[in-house]
Amino acid sequence: MSRRTRGIVFGAGALGLAALLLWGFGGLPSFGDFQGRYGELLAKSAVPERHATETVAVTTFDYRGFDTLGEEFILFAAAVGVLVLLRIQRGADEIPAEAGKRRPTAHSPALRSVAIAFAGPALVLGLYVVAHGHLTPGGGFQGGVILMTAFLLVYLAGAHLREGGIRPIVAMEVAEATGAAGFTLIGVGGMLLAGAFLENFIGLGTVGSLLSGGDIPLLNVTVGVEVMGALLVVLGELLDQRMLTRGGDS
Amino acid sequence: MELAPLTVAVPLLAAGGLTAASSRVSRATAEVVALAAVLALAALCAIILARTASGTEVYWFGGWEPRADIAIGVSFAVDAIGAGLATLVSGLMIAALVLMWRYRDTDAPHFQVLMLIFVAGMVGFCLSGDLFNMFVFFELMSVAGFALAGYKVEEQEAVEGSLNFAITNTIGSFMLLTGIALVYGRTGALNLAQIGESLAAGHVDGLVIVAFALLAAGFLVKAAVVPFHFWLADAYAVAPTPVCLLFAGAMSELGVYGIGRVWFDCFAGTLALHDDSLRLVLIVAGSLTALLGATMAFAQDHLKRLLAFATIAYVGIFLIGLGLLTSAGVAGAALYVVADGCGKAALFAAVAIVQHRRLHVSERRLRGEGRELPYTAAIFALGALSFASLPPFGSFFAKSVIEDELIKQGYGAVLAVLILTSALTCGAVLRLIGRVFLGWGPVSDREPSRDEEAAPEEEISSARTPAIMFVPALALALASLVIGVIPGTVEAVQAAALHFTDGSSYARVVLDGAAPAAVATPPPYSAPPHAYLYAAITFGTAVGLAGLALFGRRLAPRGSDPLRRLGHAAIGSLHGVHSGHVGDYVAWLVAGVAALGGAFALALS
Amino acid sequence: MSFLPYAVAAWLLLVGLYGVVTSRHLVHLIVCVTVVQASTYVLLLAIGYRSGAAAPIFADIPRSTPVVDPIVATMTLTDVVVEATVAALLLALAVQAHRRFGTLDPDELGAMRG
Amino acid sequence: MTAVQAVALVVVAFLGTVVTLARDPARQALCSSVFGMSLAILFFVFQAPDVALSQIVVGAVALPAMILLALSRISRREEARKRGR
């Protein structure tokens with residue numbers, strides 16, 4: 001279609017869609033008046049039943065934990081997908097070596113030390129956010145992204161991740177797979193030890209303490225590891241194929 | 001039902017395990033692990049299917065059973081239709097993995113990992129009893145599907161097809177999610193049964209209609225119903241052929257299933273008064289899709305694109321069956337999905353063999369090149385007969401059930417659509433058999449387009465076909481036949497459809513833990529005589545169309561026929577609309593959502 | 001005034017779609033897809049909001065405090081993850097598209113015809 | 001609705017429009033980061049701190065980072081191609 005026809009088709013459709021949305025949204029409870037009993041019930045039962053103060057975390061990891069399992073694997077599939085889509089092709093259409101070898105590091109020493117200086121606190125913050133997921137806002141996902149940032153800063157600072165014999169992308173892949181599979185295994189553990197998939201099988205502990213909420217902190221850790229690994233795989237692949245990818249020889 | 005969560009956990013654990021060990025896993029290990037996981041999955045699905053024959057069964061994750069009449073957890077609420085689809089999906093996945101065995105270029109284990117995640121997403125979607133959980137599995141299936149469709153990244157077409165697939169389907173997902181948000185805003189529930197109960201207690205207004213329209217639009221994008229269908233041919237034509245087995249055999253059909261699920265369990269209770277007008281909307285949409293898909297299939301030269309458009313055509317027929325909104329219509333559609341899913345998958349598997357031997361899949365260029373491949377030709381022939389829905393193929397009985405119901409509901413004219421769709425798709429396959437395997441028809445007088453020069457999936461052609469490639473192709477082709485032969489199949493599907501369409505019994509089972517309502521055992525089914533007549537007309541038309549395409553030029557000299565010129569012009573403009581431009585596709589998508597919403601607004605308010 | 005959040009959600013949906021349809025650059029198009037997705041966040045969270053209620057975290061507040069709906073937050077969390085993943089996949093495909101076609105303008109891609 | 005919420009909503013709508021209309025991808029990545037932050041603020045005033053945190057880490061950090069990295073890969077390729085000619 002020409003740009004003009006496309007514009008007309010879209011314009012007509014968008015007008016219809018706008019009318020439709022306004023008609024539909026008009027039936028929603030007016031802002032601030034929501035009366036959903038489901039959410040209310042969960043908010044009331046979360047603390048007594050799960051000894052965790054973060055209702056959203058309890059919902060995410062327990063009442064609706066099965067959704068989160070799917071969500072973790074969406075992320076996992078995307079990371080594997082990026083790996084597959086950006087895999088090095090046979091043939092000569094690669095970036096000329098010279099352009100490919102240019103590494104996007106921070107060149108000035110000052111920048112480099114800033115990056116290193118931030119990496120430590122980011123690591124601590126990430127671990128903190130993961131560990132407190134059942135108590136305060138945050139959790140595996142948010143903490144995992146912060147952890148990812150810490151590792152990325154180390155990389156940008158120019159530390160030689162490839163030294164030591166382990167290709168970092170492989171390590172990251174192992175991390176994401178372990179995290180995702182760990183979540184599933186905890187679910188199966190619930191099946192074997194408590195009766196239903198993802199049912200809690202760990203002591204609930206005292207409300208408000210770090211080790212409370214049963215399996216929720218554990219699930220948070222698996223999610224944190226998974227998110228960190230998956231995002232590092234994605235960013236690493238986008239960053240530079242040659243530096244980080246499997247089989248750096250090709 | 002204690003096994004239900006394993007249907008998702010087993011493939012996902014296998015995927016996680018393979019990835020964790022990816023640097024140490026050989027291709028063979030990856031294949032064995034994946035195949036073992038999917039075999040286990042198929043066994044689980046079959047067990048669940050047997051368990052649910054007598055009605056819906058429920059599994060509450062985390063052990064959170066409903067409390068104070070509120071479903072607080074996520075559930076699998078499985079009936080025989082959902083379990084049957086899950087079994088079909090896992091069966092097709094077994095065939096795909098066996099077919100994969102001979103593909104050298106598959107970056108193990110990542111390909112297997114994506115396949116495992118893909119199948120887990122599809123199975124989870126079939127079994128879920130929670131609207132948001134369905135969305136999650138829908139996304140899981142989509143994300144794995146995007147990566148699989150773009151797998152052959154070294155080809156321009158694969159990259160573009162996958163992009164179009166990903167962008168249009170992602171926008172479809174947002175429509176779905178907006179619909180879910182509306183439903184949640186009204187009912188405060190996500191469990192399908194609870195939503196149904198809550199909606200039925202309330203009033204019908206714009207929100208209910210728009211919510212249903214948006215949910216339907218989201219599912220129809222995946223099902224590739226006109227005008228949401230554009231992405232499908234682009235994506236299916238470029239995906240690795242084993243993946244196409246799953247795409248064409250099951251993924252599109254899941255979109256139609258999704259609409260049925262939310263209609264019967266959530267909306268039928270509150271919108272039941274209007275089902276006459278909704279029926280009209282769905283049948284019109286289905287008919288347009290069927291005719292457009294079949295016409296485009298007939299106009300294709302690229303074998304995989306041909307089958308992709310045939311997929312669209314049959315999705316149209318499934319939508320007609322479901323759109324009848326009766327248990328007989330659902331039964332016909334469900335049986336058709338299984339029979340046609342196997343038949344189409346067999347055809348894709350046969351294309352894989354052609355590709356393996358001849359490296360490309362352009363019908364004109366392959367003229368006569370298939371003379372030494374008689375077994376492959378036989379599989380194509382079986383597929384063509386299944387398309388024509390000749391007795392005793394499963395598709396024959398499915399179609400006759402739908403035909404009876406169409407006549408009963410006063411939509412007799414739609415029979416012509418069914419016949420024409422089957423005839424065009426069967427004719428297209430017959431034509432390719434004639435040209436490729438028998439060398440009939442004129443020698444191509446034009447340069448192959450770039451599209452036909454698609455790079456091979458393998459580097460060198462093989463002198464002989466490995467037997468292992470025949471196994472899935474033959475098994476699938478026979479499956480499409482056997483379904484119609486086993487006594488009691490039609491009746492079992494009819495009983496399953498009675499359970500599927502009984503939303504109130506479903507709600508009692510899920511929310512109150514009641515036993516499913518018993519359904520009357522359907523009487524033994526025998527196809528009426530006119531069904532045989534229609535099948536004969538279909539096949540005759542198909543043979544005529546194929547003959548015309550192969551020998552038409554010899555019968556009537558070029559250009560003498562204004563009808564043919566008109567046909568060329570029409571098909572040319574159809575080709576033009578399928579532009580491959582993602583902006584066009586999204587514009588059509590938006591217009592389609594508006595049109596669908598407008599039609600629902602007129603029909604349901 | 002109480003319709004404003006829903007109007008903003010509808011606006012983001014439409015404006016994002018406009019961007020997708022008219023885009024001349026795939027990366028731009030992908031960012032527009034994330035704008036469309038933002039509309040679903042706004043819609044979900046607006047639906048679950050209760051006037052004067054607190055966040056559903058009982059670390060510092062008494063258990064009887066009225067709180068906003070935790071389910072919409074859970075759904076939005078999933079949605080945010082989906083956004084990140086789909087964007088990652090789409091960007092990977094865009095990088096490949098540039099490699100195969102030498103351009104990122106959807107008008108000039110077009111390997112698929114009819 | 002409080003005034004803060006109304007302002008946050010209007011800002012989000014405005015920034016969303018800006019992101020869509022910014023045609024230069026690099027500039028757009030920046031806009032999208034700001035848009036991500038504005039969404040995070042909106043979620044805070046909607047009493048959803050969890051989502052706000054996610055939104056900060058994804059919308060304002062991870063997503064713009066991915067966009068910029070993809071753009072830099074694309075431009076490196078473009079450079080390489082020009083040099084190759």
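In chain A, in which helix is confidence lowest, and in which is it highest?

Mentor: Two housekeeping points come before the answer. This is a predicted model, where local features need pLDDT of at least 70 and side-chain atom pairs count only at pLDDT 80 or more, while totals for chains, interfaces and linings use all residues. Residues are numbered from 1 along each chain as its sequence is written, and chains are lettered from A and ligands numbered from 1 in the order in which they are written.

Now your question. The score is pLDDT, the predictor's confidence in each residue, from 0 to 100. Helices (H or I, at least four residues) and strands (E, at least two) are DSSP runs, numbered from the N terminus. In chain A, confidence is lowest in helix H5 (residues 97–101), with a mean of 41. It is highest in helix H1 (residues 3–25), at 95. Two residues are in contact if their C-beta atoms, placed from the backbone, lie within 7 Å. Residues 242–250 of chain A also stay under 50. For these the model has 14 contacts beyond four places in sequence.

Next, the build of chain A. The chain has ten helices and zero strands. From the N terminus on, its elements run α-α-α-α-α-α-α-α-α-α. Take helix H8 (residues 168–193) of chain A as one example, with 26 residues. From first C-alpha to last, H8(A) reaches 36 Å, close to the 38 Å expected at 1.5 Å a residue. That expected span is 1.5 Å times one less than the number of residues. Just after H8(A), Gly195(A) takes a positive phi of about 120°.

How is chain A packed? Buried residues make up 55% of its 250 residues. A residue is buried if 20 or more other C-beta atoms lie within 10 Å of its own, exposed if 12 or fewer, and partly exposed in between; the C-beta atoms are placed from the backbone. Among contacts in chain A between residues at least 6 apart in sequence, 71% join residues at least 24 apart.

Now the neighbours. Five pairs of chains touch, and the most contacts are between chains A and B. This contact takes 62 residues from chain B and 59 residues from chain A. Several helices of chain B each supply at least two residues to its side, including helix H1 (6–20), helix H6 (156–187) and helix H22 (582–604). By class, the side of chain B that touches chain A has 36 nonpolar, 20 polar and six charged residues. Here Ala, Val, Leu, Ile, Met, Phe, Trp, Tyr, Cys and Pro count as nonpolar, Asp, Glu, Lys and Arg as charged, and the others, Gly among them, as polar.

Chain D touches chain A as well. In that contact, 20 residues of chain D meet 19 residues of chain A. The chain D side has twelve nonpolar, three polar and five charged residues. No contact joins chain B and chain D, whose closest C-alpha atoms lie 14 Å apart.

These two partners are worth a glance. Chain B has 22 helices and two strands. Of its 605 residues, 68% count as buried. A compact globule of 605 residues would have a radius of gyration near 25 Å, and the 23 Å of chain B agrees. That radius is taken over C-alpha atoms, and the globule rule is 2.2 Å times the number of residues to the power 0.38. Chain D has three helices and zero strands. A compact globule of 85 residues would have a radius near 12 Å, but chain D has 16 Å. Along its principal axes, the C-alpha trace of chain D spans about 60 × 25 × 10 Å. Buried residues make up 54% of chain D.
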